[in-house]
Amino acid sequence: MLHLHIHEDAQRDIDALWETNEDAAATIITTLEEIQANPDTLDILTIHKFGNDRNVDEISISKWQQLWRQGKDLWRLKIWELEHGQDRWRVIYAYIVHEQAFYVLGVVPRSFNYDPDHILSQRIIRAYNDLS
């Protein structure tokens, strides 16, 4: 059975977001709780390009392509509700196959560019390596 966990780094991201943008933090937490409570939704977390049609789905899923090609099972979740104004945030998570578990490793601003050398990327990669 699949499970969803929030890594301590991601929890710190969410805690910091509560201080600056309560609406975005609440939307992220609610979305993660809904995903965790629904096995069918957990199943879609490994479907690349799921939800790209924002008229149909509430979330969008994509592989972190550059790191995926390096063997890291890292993904990006976009919540369409947060795609207006300054509320643009992404949830970065890992899928650990042998545990059948997803780990939210970071909540990053939309301006995050996924460059593996970026300080946030390095933090996420370290957390991923500690898991796998």
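Are R123 and D13 buried or exposed? In this predicted model, where local features need a pLDDT of at least 70, side-chain atom pairs count only at pLDDT 80 or more, and totals for chains, interfaces and linings use all residues, R123 is buried, and so is D13, where buried means under 20% relative accessible area, exposed over 50%, and partly exposed in between, with a 1.4 Å probe and protein chains only. Residues are numbered from 1 along each chain as its sequence is written, and side-chain values use heavy atoms, with hydrogens and water left out.

The protein chain has five helices and five strands, which are DSSP runs numbered from the N terminus, helices being H or I with at least four residues and strands being E with at least two. Read from the N terminus on, the order of these elements is β-α-α-α-β-α-β-β-β-α. The radius of gyration of the protein chain is 14 Å, close to the 14 Å that the globule rule gives for 132 residues, so the chain is as compact as a globular protein of that length; this radius is taken over C-alpha atoms, and the rule is 2.2 Å times the number of residues to the power 0.38. Along its principal axes, the C-alpha trace spans about 35 × 35 × 25 Å.

Of the 132 residues of the protein chain, 50% count as buried. S60 counts as buried because its relative accessibility is 0%, and, leaving aside its neighbours within four places in sequence, S60 is in contact with F50, G51, N52, R76, L77, K78 and W80.

A search of the whole structure finds four salt bridges, each being a side-chain nitrogen of Lys or Arg within 4 Å of a carboxyl oxygen of Asp or Glu. One of them joins R123 to D9, with the closest N and O atoms 3.9 Å apart. Since R123 lies in helix α5 (residues 119-131) and D9 in helix α1 (residues 8-20), the pair ties together parts that are 114 residues apart in sequence. R123 also forms a salt bridge with D13, and here the closest N and O atoms are 2.6 Å apart. With D13 in helix α1 and R123 in helix α5, this pair ties together parts that are 110 residues apart in sequence. Salt bridges that share partners join D9, R12, D13 and R123 into one network. R90 forms a salt bridge with E83, the closest N and O atoms being 2.6 Å apart, and both R90 and E83 are buried.

Finally, the backbone deserves a look. Most residues other than glycine have a negative phi. Q100, which is not a glycine, has a positive phi of about 55 degrees, and its place is in the loop between β4 (89-96) and β5 (101-109). Q100 counts as partly exposed because its relative accessibility is 32%. Y114 is a residue other than glycine with a positive phi near 65 degrees, and Y114 lies in the loop between β5 and α5. With a relative accessible area of 19%, Y114 is buried.

Definitions and conventions
Contact = heavy atoms within 4.5 Å.
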